[in-house]
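Here is a short report for a reader meeting this structure for the first time.

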Amino acid sequence: MSLVIDLAEHLAEVKAFASLASDFVDKKSAIKLDSLVRTLELGITQARAKWTWETKLPIEFGPSTSYDAKGKTMPETWACLSFTCEFERPDIHRRKPDAMWRIDNSSVHVKMAREGRDFLSCHFDYKNATQWGPQLHVQLAEGEHRFPIPRLPSGIFLPTDCADLILSELMPEAWERHQRRGQASNDVSMVRRAQEERVLSMVGDIKGQWANDTRITRVSMLQSFTPTVKGVPNHRGKIPAPSWL
Amino acid sequence: MPADILYVDDEPNALLALAKRGGADERFTVLTIEDLKAVEHPLPGASAWVLDFYNDEASRDDKTFAGTESTGLSLFQRLRLLAGESRPPAVLISNHLEMALGQNVTAGLRHRLAEEVGVEWVAEKSPETGDYLREILTIADATAAFQSATKALAAAPPEDYVGTLGDNLLALSPQAQWRLLAISDVDAWRPPVLRAASEETAGESLNENARPFVAWMIRQALAYPSFVISLAQVAARLKVSTQSLRACAAAENGLATALDSLKYGGVMGEFAGPRWWSAGIDDFVFSLPSASDARQAALEELAGKGELEFLNVDDAVVVSDADLVETELIAASDDCVRASDEHAPSHAPPAWVLKRDVAGDRTLARRVWLEDQSSLATDS
């Protein structure tokens with residue numbers, strides 16, 4: 001499965017997310033965030049047949065000491081996020097190429113760091129075609145322990161969605177409050193609508209597949225789920241339909 | 001209060017009569033052009049200059065250069081040279097403002113017109129409303145307030161500068177639990193800083209730092225939704241109509257009390273209409289339940305049943321007109337697009353204009369953000 005994505009639509013969402021998240025990173029990471037947005041823009045306008053959007057150095061979110069329960073102070077912790085997204089499409093020579101690519105591969109790595117040392121890592125990615133497990137999944141232990149399971153099914157795989165999850169976990173109160181500010185409402189809307197459409201599209205797909213095979217439990221089925229949706233819907237629910245398919 | 005407003009006009013009686021009604025006539029030192037010629041530095045330490053544009057009846061219809069030196073703007077240039085950096089804010093007034101400035105005067109854009117000609121404010125002398133008097137006095141009061149606060153600002157360490165500004169001039173409550181957020185908001189709007197050179201003469205320094213501050217309030221903080229916001233913006237955040245919120249805020253109920261505690265009471269308070277602390281409103285909204293129906297119920301309990309008109313829009317935004325001046329109308333962001341022009345500072349939020357308004361207005365269409373142009377095309 002290779003999802004098609006309209007990167008121009010996704011760029012608007014990335015900009016909105018970067019604007020929200022910039023308050024939760026230090027100066028260096030704020031520059032990296034800006035640079036990532038810029039790279040995505042450049043990639044779209046350069047319109048190459050194959051290109052990679054990736055972090056050069058991880059983005060550091062945090063630090064945070066309140067991530068367990070209200071009123072409970074925990075050790076100061078950072079979350080470092082890095083990702084690689086490979087986009088590809090047939091080489092087309094057109095005067096005005098569209099902004100649609102296939103996501104050939106995507107993986108987002110998250111490391112939790114304390115006292116300058118990484119102590120936990122996980123990553124969200126597509127699985128290789130030869131592996132078992134859900135195509136979109138999060139793995140916890142492949143880094144340190146080289147142990148490939150469990151692969152927990154995940155609808156979240158895009159870098160912004162992963163960052164959103166991490167912020168929600170690392171600083172739940174502050175991240176929520178920040179989003180509810182009046183000034184944030186447009187940025188939040190942009191991200192919210194796109195996320196809604198992605199989730200609904202995935203859920204619809206799962207439901208459809210369940211209906212087609214009733215000889216296996218639903219949890220088992222989810223563990224081998226490969227989406228049949230063609231593309232990542234934009235915030236208006238439109239699934240991209242590139243002309244070259 | 002001693003005379004702190006320099007007023008140059010060949011026909012000052014209309015303004016003075018208005019001022020007298022409010023007990024403020026003592027504040028004005030009136031000079032004619034002839035008087036000015038005899039004085040080297042008129043009213044040093046003035047909190048404001050009020051200059052009538054036409055000081056010579058004959059020059060009004062004169063299209064030549066003959067009447068140049070008597071106009072309020074020429075006087076302003078001369079005064080500016082004499083007073084140097086320590087000049088106070090200047091207000092240009094006229095019975096024929098449009099003729100004086102040579103262009104249409106849009107009510108919501110006077111700050112821009114003023115900036116173009118180099119003064120801080122322009123106003124039509126309209127005796128019936130007396131608004132222009134209130135504007136003049138507000139500006140003068142703000143200058144005087146800044147003067148009084150200069151010592152505290154000079155003494156504050158740089159990292160506390162914005163906080164000190166908040167305490168001394170913006171009436172930011174030290175107990176407000178949203179205080180830190182408010183300080184961060186003010187900082188994001190880049191308030192003018194006290195120049196180090198003027199620290200030695202802090203307190204004696206004549207308006208060197210007051211004028212930039214007043215100008216910043218007029219042209220930025222009050223001209224856009226900033227760290228303080230208008231009633232329409234508050235209504236949009238509460239998802240109620242502006243009219244019903246206005247009625248509720250004026251009555252006696254829990255909502256009015258809550259909003260009162262968040263009202264902006266610092267300098268230039270009512271200059272462009274009432275304002276509320278953006279951070280305060282956000283804090284209030286955060287204290288309400290997040291689910292839509294529970295939030296409405298909580299608001300109804302505060303305001304009284306049936307008093308508020310709830311808007312059933314996903315994302316409520318305040319609509320701006322073709323000049324990008326905010327109206328009181330609130331609409332869904334889906335029905336609008338974002339627009340800006342070359343004047344808005346980069347940290348100002350965009351204006352939201354209705355798609356249907358853009359349809360018939362090419363100039364407005366050009367101001368729409370490039371990212372939103374496609375949604376205009378698809379919906380047309």
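## Where the chains meet

Twelve residues of chain A are in contact with 14 residues of chain B. The model is a predicted one. About 1200 Å² is buried between chain A and chain B, and carbon and sulfur atoms give 40% of that area. On the chain A side, the residues that lose the most area to chain B are Arg177(A), Arg180(A) and Arg193(A). Together they make up 37% of what that side buries.

## Nonpolar cores

In soluble globular proteins, nonpolar side chains tend to be buried together. The largest nonpolar core here has 82 residues. Six of its members touch the most other members: Leu15(B), Met217(B), Phe227(B), Leu245(B), Met268(B) and Trp277(B). Helix H6 of chain B, residues 131-155, gives the most to this core, with eleven residues.

Take Leu245(B). Leaving aside residues up to four places away in sequence, Leu245(B) touches Leu231(B), Val234(B), Ala235(B), Leu238(B), Val240(B), Leu255(B), Leu259(B) and Leu308(B). A second, separate core holds 55 residues, including Phe24(A), Val37(A), Cys85(A) and Val138(A).

Ala256(B) sits in helix H12 of chain B, residues 254-260. Is Ala256(B) buried or exposed? Ala256(B) counts as buried, because its relative accessibility is 4% and the cut-off for buried is under 20%. Not counting residues up to four places away in sequence, Ala256(B) touches Cys248(B), Ala249(B) and Ala251(B). Between Ala256(B) and Leu302(B) there are 8.3 Å in space, C-alpha to C-alpha, though the two are 46 residues apart in sequence.

## Cavities

The count comes to six cavities of 30 Å³ or more. The table sets out two of them.

| Cavity | Volume | Lining by class |
|---|---|---|
| Largest cavity | about 140 Å³ | 13 nonpolar, one polar, no charged residues |
| Second largest cavity | about 80 Å³ | five nonpolar, three polar, four charged residues |

The largest cavity is lined by 14 residues. Nearest its centre lie Phe17(A), Leu33(A), Leu36(A), Phe83(A) and Thr160(A). Several elements of chain A give two or more residues to this lining: helix H1 (7-21), helix H2 (27-46), strand S3 (59-64), strand S4 (77-88) and helix H4 (159-170).

The lining of the second largest cavity includes Asp6(A), Glu9(A), Glu13(A) and Arg198(A). His10(A), Asn234(A) and His235(A) are also among its lining residues. Strand S1 (4-6), H1 and helix H6 (185-212) of chain A each give two or more residues to the lining of the second largest cavity.

## Backbone details

Where is there a cis peptide bond? The bond from Gly62(A) to Pro63(A) is cis, with omega near 10 degrees. Pro63(A) belongs to strand S3 of chain A.

Arg190(B) is not a glycine, yet its phi is positive, at about 50 degrees. Arg190(B) lies in the loop between helix H8 (179-188) and helix H9 (210-221) of chain B. Leu324(B), also a residue other than glycine, has a positive phi near 65 degrees. Leu324(B) is placed in the loop between strand S8 (316-320) and strand S9 (326-332) of chain B. With a relative accessible area of 17%, Leu324(B) is buried.

Key: Residues are numbered from 1 along each chain as its sequence is written. Chains are lettered from A and ligands numbered from 1 in the order in which they are written. This is a predicted model: local features need pLDDT of at least 70, side-chain atom pairs count only at pLDDT 80 or more; totals for chains, interfaces and linings use all residues. Side-chain values use heavy atoms; hydrogens and water are left out. A nonpolar core is a set of buried Ala, Val, Leu, Ile, Met, Phe, Trp, Tyr and Cys residues joined through side-chain atoms within 4.5 Å. Buried means under 20% relative accessible area, exposed over 50%, partly exposed in between (1.4 Å probe, protein chains only). Helices (H or I, at least four residues) and strands (E, at least two) are DSSP runs, numbered from the N terminus. Contact means heavy atoms within 4.5 Å. On a 1 Å grid over the protein atoms alone, a cavity is a set of points where a 1.4 Å probe fits but cannot get out, and a pocket is an open set with protein on both sides within 12 Å along at least five of seven lines; lining residues have an atom within 4 Å of a point. Grid points are joined across faces, edges and corners, and a volume is the space filled by probe spheres set on the points. Ala, Val, Leu, Ile, Met, Phe, Trp, Tyr, Cys and Pro count as nonpolar, Asp, Glu, Lys and Arg as charged, and the others, Gly among them, as polar. Buried area is the accessible area (1.4 Å probe) that two parts lose on being put together, summed over both.
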